[in-house]
Every structure is written in C-alpha cells, then in structure tokens.
Amino acid sequence: MGLRSRRWALSALLLGASAWAQAQTLTVSAAASLGDAMKALVPRFEAQHPGVSVRLNLAASGVLLQQLAAGAPVDVLATADEETLDRATAQRLIDPATRRVLATNTLVLVAPAGSHLTGLDALTGPGVKRIALGKPGSVPAGRYAQQALEARGQWAALQPKLVPADHVRQVLDYVARGEVEAGFVYATDAASTAGKVRVVATVGGHAPIRHPVAVASATGQHALARAFVQFLASPAAQALLRQQGFGAP
C-alpha cells in the first residue's frame, strides 16, 4: 500500500471512529399514556441532535419504576403521575434537580361508540356488567379512577364488575372492541380513538393529573438526558402536546 493509500485508510478509520464516538442512544421510559406524544416528539429531538437515537420504552408507570429499580438502563423517566416519581425520588433513582411537569391531563369515562351509557351513576345499573380500569397499584389512571369512585361512594359496589388492565391503552382497547361496557382513560387517549369510543363523562374527585419527567440518576449521559427534558419544555414540544389534548404544566 502506497503512502497516499495509507493516509486515506487512516483518515477513513479516524472518521469512522469519530462517527462511532458521536453516535449515542438515549433510553426514555415513558408511561403508555404518553406514547403517541413521545413518538411524535422523538424525531424532532433527534433532528436537533445529529448522531443521537432515542429508544422509547413504554409501559405502565409502576412497571417503569420497577424496571428502573431493578437496574434497567434508563436515561429519562416520564410517568403519568407525581406519586410514582415521588417514589423514584425516595429511592434515589432520579435526579430531583431535573424534575419538572411535562403536561397535565383529564380523566374521562368512555364507552363503545354505539353505547347509550348516560354517566357515572349508570355504572351500578344492570346494563353495565364490565368496567375496565388500570390496576391501581401500578397504573396511575386506575388509581385516579379508584379515588374518584371512592369519593362517590361507588368503589365497593362496583368491585364485581371491574376488569383490571396492565395500562391505560389496554383499557382503551377493551372499550373500543366492545369487550367491556365502560372504562376509565385519559382524555388524550379517548381523543386518539375518535369514532370507536365516546366520552360519557369527565371524572372528578381525584388528585390532579400531572405527567412529570426527570433524568435517571444512573444515566451515563446526564447532559444529553437533561437536554431531552429541556426539549420537552420547549415551545415547539409544548405546542405539539397541546395539539394532542394535553393541558399546560
């Protein structure tokens, strides 16, 4: 190999090594209810950060916390409630200095599109045999629903009818397919399946619904993870979240 060829080969090797060094993968664990929004936001972040690839891990908030506590490689954690992130803080799994509220939401009762369900009071009637909600121990939407039903004095009476789901999107699927007569989901979830489900009522009597986000303590890419959290607070990202039905932080 001639001198010029050796120089070209060395330059190519160095360029390849540089590109490899710049390539980064950021793992973002996000609540299932944030899935559609994150899928829309990630390409925008990647476009602003050449060489960065964001891997989304979507599941119920409680499951995401369990994964993080078990040592799963996570850089950013976004949940559907403050309580889960509080537990992450207590376990020192997140950097509390990076914590912020990404968006807010509303809990709604939905039914299949052709249903004649009239409201929350009708849930105790004979026409409703199955009501889907997320498992309160791991799914914040289910916990909000429990709080609301307890406030109305309906929780105990409805126990035989409840169909537990692993995450809020599973609740939505049950309702859309007509496998249950009603279900509790976020307003943003209901909007994503317009025509398949209808909103019967807006549900109150529960803790405020806030979607917080923070950098994981064990991340090896703190600066990049923090940049992603800051990106979520940017006007462009917040505008997209408003388009998808989320409320302002």
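User: In E8, what is the bridge partner of leucine 107?
Analyst: The model is a predicted one. In it, leucine 107 is bridged to tyrosine 186 of E8.

User: What makes E5 and E8 a pair?
Analyst: Pairing needs at least two bridges. E5 and strand E8 (residues 182-186) have 4 bridges, in the antiparallel sense. So the two strands pair.

User: How many bridges join E5 to E9?
Analyst: E5 and strand E9 (residues 197-203) are joined by 6 bridges and run antiparallel. In E9, valine 199 is the bridge partner of valine 110.

User: What makes helix H7 largely enclosed?
Analyst: In H7 (residues 168-176), 7 of the 9 residues are buried, so the helix is largely enclosed by the rest of the structure. Among the buried residues are Arg169, Leu172 and Tyr174. Just after H7, glycine 178 has a positive phi of about 75°.

User: Why is alanine 60 called buried?
Analyst: The cut-off is under 20% relative accessible area. Alanine 60 has 6%, so it is buried. Alanine 60 sits in the loop between strand E2 (52-59) and helix H3 (61-69). Leaving aside neighbours within four places in sequence, its contacts are Ser138, Val139, Asp166 and His167.

User: What is the mean pLDDT of the chain, and where is the pLDDT below 50?
Analyst: The mean is 91, and 91% of the residues reach 70 or more. Over residues 5-21 the pLDDT is below 50. Where pLDDT is low, the predicted coordinates should not be read in detail.

Note on methods: Residues are numbered from 1 along each chain as its sequence is written. This is a predicted model: local features need pLDDT of at least 70, side-chain atom pairs count only at pLDDT 80 or more; totals for chains, interfaces and linings use all residues. Side-chain values use heavy atoms; hydrogens and water are left out. Buried means under 20% relative accessible area, exposed over 50%, partly exposed in between (1.4 Å probe, protein chains only). Contact means heavy atoms within 4.5 Å. pLDDT is the predictor's confidence in each residue, from 0 to 100.
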